[in-house]
Amino acid sequence: MNDKLKELIQPYWVEEQQGVYIPLIDKVLLKNNVPEMSYYDYMEYAESNGVQIATKDELLHMYLQKDEINKILKKHGGDMLDTWFGSSSEYDSPGEWIVNFGSGNCINTFKINSHASRAVVDLKSK
């Protein structure tokens, strides 16, 4: 990755949001993982807490920047990106997309399976 691109996508901490700003997608990645639960439960969690669950594409962007994001999360006591994360993206009616932050693999699975997920806040809506 060239220095100019690295500078462009370098995430930084946003104190008032308690999260990491992801410049390429205008999102703030909140400090803590949403605990493992089914797709239905974490989507309900997001609605009741006024946040969004990261989409498949957002998770893939985060995976590409995970080393830099993890440095910032560690510095501020946040949960590391290091497991399978469920997304808000549906594969089909019974299925969702999940992303592995160890390998970058992206697969579909049943929505009834439990996975951790990441909440994000859309800066454009603020």
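Me: I would like to begin with helix α2; which of its residues are buried?

Reply: As this is a predicted model, what follows describes computed coordinates. The general idea is that an α-helix has 3.6 residues a turn, so residues three or four places apart point the same way. In helix α2, which spans residues 39-49, the buried residues are Tyr39, Tyr42 and Ala46. Seen down the axis of α2, these buried residues fall within an arc of 75 degrees, so they line one face of the helix.

Me: What is found on the other side of α2, and against which strands do the buried residues of α2 pack?

Reply: On the other side of α2, Glu44, Glu47 and Ser48 are exposed, whereas the buried residues of the helix pack against β3, β4, β5, β6 and β8. After α2 comes Gly50, which has a positive phi, near 65 degrees.

Me: Turning to the aromatic residues, how many aromatic pairs does the structure hold, and how do I read one of them?

Reply: A pair of aromatic rings is described by the distance of the centres and the angle of the planes. The structure holds 5 aromatic pairs. One of them is formed by Tyr39 and Tyr42, which are edge-to-face at 5.8 Å centre to centre, with 65 degrees between the planes. Both residues lie in helix α2, 3 residues apart, which is about one turn of the helix, and both Tyr39 and Tyr42 are buried. Ring pairs also link Tyr39, Tyr40 and Tyr42 into a cluster.

Another edge-to-face pair is that of Phe85 and Phe101, at 4.9 Å centre to centre and with 85 degrees between the planes. Phe85 lies in strand β5 and Phe101 in the loop between β6 and β7 (106-110), so this pair ties together parts that are 16 residues apart in sequence. Phe85 is buried, with a relative accessible area of 0%, and Phe101 is likewise buried, with a value of 0%.

Me: Which residue lies over the face of Trp97, and with which side chain does the backbone oxygen of Trp97 come together?

Reply: Lys56 lies over the face of Trp97, at 4.5 Å from the ring centre. The backbone oxygen of Trp97 lies 2.8 Å from a polar atom of the side chain of Ser87. Ser87 is in strand β5 and is buried, with a relative accessible area of 0%. Leaving aside neighbours within four places in sequence, Ser87 is in contact with several residues, including Tyr39, Tyr42, Lys56, Leu59 and Trp97.

Me: Is Glu90 buried, exposed or partly exposed, and what does its side chain contact?

Reply: In general, the side chains of a regular strand alternate between the two faces of the sheet. Glu90 is found in strand β5 and is partly exposed, with a relative accessible area of 47%. The side chain of Glu90 makes a polar contact with the side chain of Lys111, at 2.3 Å. Apart from neighbours within four places in sequence, the residues in contact with Glu90 are Tyr39, Gly95, Glu96, Trp97 and Lys111. Glu90 and Phe110, which are 20 residues apart in sequence, are 9.7 Å apart in space, C-alpha to C-alpha.

Note on methods. Residues numbered from 1 in each chain as written. Predicted model: local features only at pLDDT ≥ 70, side-chain atom pairs only at ≥ 80, totals over all residues. Heavy atoms only, no water. Phe/Tyr/Trp six-rings, centres within 6.5 Å; stacked < 30°, edge-to-face > 60°. Helix = DSSP H or I, 4+ residues; strand = E, 2+ residues; numbered from the N terminus. Buried < 20%, exposed > 50% of the residue type's maximum accessible area, 1.4 Å probe, protein only. Lys NZ or Arg CZ within 6 Å of the ring centre and 35° of its normal. Arc of directions from axis to C-beta. Contact = heavy atoms within 4.5 Å. Polar contact = N/O pair within 3.5 Å; in protein donor to acceptor, adjacent residues only side chain to side chain.
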